[in-house]
Amino acid sequence: MPKLTSTASCRTSGETGGMFLLLSRFNSSCRPTLSRPAWDPSSASTRLYALRDIDPGEELTWTYLNVTFEFEGVDARRDEMRRVFEFECCCPACAPDAMSDDERRASEKRLLQLRRLKERMAGDVGPSEEDRAARKALLGRMAALSREEGLWETADRLERVLEEA
């Protein structure tokens with residue numbers, strides 16, 4: 001992946017931010033083809049990585065939201081995009097006519113399952129061998145749901161954690 005170097009980075013309150021001229025040209029999608037931007041302070045550049053095979057002519061997108069499944073449905077996710085970024089999200093996961101009613105219900109069900117599993121991960125999992133096995137099962141289910149939903153970056157992160165568990 002090419003290195004994105006057209007940046008004007010700055011550091012405030014311990015966080016690096018900036019104006020990324022090339023990066024700002026990528027559209028957001030709640031089902032992106034690219035990773036969230038990875039800042040490399042040593043080269044003062046940002047990198048994006050393909051999350052899956054990308055078809056010729058397919059738009060390159062990344063998600064402006066941190067974790068897209070943490071919202072109570074597509075309307076809440078679209079409201080957040082409108083509130084924070086001041087635009088209507090019309091990506092394949094959000095556009096009203098992008099999927100059938102059955103597909104939308106199935107998607108919302110997977111996203112709800114992901115939220116509930118994440119809540120369980122924060123709860124009752126302790127240090128015992130039985131608890132570790134339960135944690136691995138939860139991570140595996142979350143990774144599978146993420147893949148089904150097209151949340152490739154989330155699935156990859158969960159699978160790395162699962163390998164280390």
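This is a predicted model: local features need pLDDT of at least 70, side-chain atom pairs count only at pLDDT 80 or more; totals for chains, interfaces and linings use all residues.
**Exercise 1.** Work out where L22 lies and whether L22 is buried, partly exposed or exposed.

*Solution.* Start with the strands: β2 covers 15-20 and β3 covers 27-28, and L22 lies in the loop between them. Next, take the relative accessibility of L22, which is 41%. Buried means under 20% and exposed means over 50%, so L22 counts as partly exposed. While you're there, look across to T46: L22 and T46 are 24 residues apart along the chain, and their C-alpha atoms are separated by 9.9 Å.

**Exercise 2.** Find the residues with the most contacts inside the largest nonpolar core, then list what W62 touches.

*Solution.* The largest nonpolar core has 16 residues, and C30 and W62 have the most contacts inside it. Now pick W62 and skip residues up to four places away in sequence: W62 touches L23, F26, N27, S28, S29, P32, L34, S35, R36, P37 and L48. Apart from that core lies another one, of 13 residues, among them M121, L145, L151 and L158.

**Exercise 3.** Decide how α3 and α4 are oriented to each other, and sort the residues of their contact.

*Solution.* First, get the geometry: the axes of α3 (residues 129-149) and α4 (residues 152-164) come within 8 Å and cross at roughly 160°. Angles over 145 degrees count as roughly antiparallel, so that's what α3 and α4 are. Their crossing is left-handed. Then look at who meets whom: in α3 the list includes R135, L139 and M142, and in α4 it includes W152, L158 and L162. Sorted by type, the contact has eight nonpolar, three polar and five charged residues.

Note on methods: Residues are numbered from 1 along each chain as its sequence is written. Side-chain values use heavy atoms; hydrogens and water are left out. Helices (H or I, at least four residues) and strands (E, at least two) are DSSP runs, numbered from the N terminus. Buried means under 20% relative accessible area, exposed over 50%, partly exposed in between (1.4 Å probe, protein chains only). A nonpolar core is a set of buried Ala, Val, Leu, Ile, Met, Phe, Trp, Tyr and Cys residues joined through side-chain atoms within 4.5 Å. Contact means heavy atoms within 4.5 Å. Axes are lines fitted to C-alpha atoms, for helices over the stretch in contact, and angles run from 0 to 180 degrees between N-to-C directions. Angles under 35 degrees count as roughly parallel, over 145 as roughly antiparallel, 65 to 115 as roughly perpendicular and the rest as oblique. A crossing is left-handed if the near helix is turned anticlockwise from the far one by less than a right angle, and right-handed if clockwise. Ala, Val, Leu, Ile, Met, Phe, Trp, Tyr, Cys and Pro count as nonpolar, Asp, Glu, Lys and Arg as charged, and the others, Gly among them, as polar.
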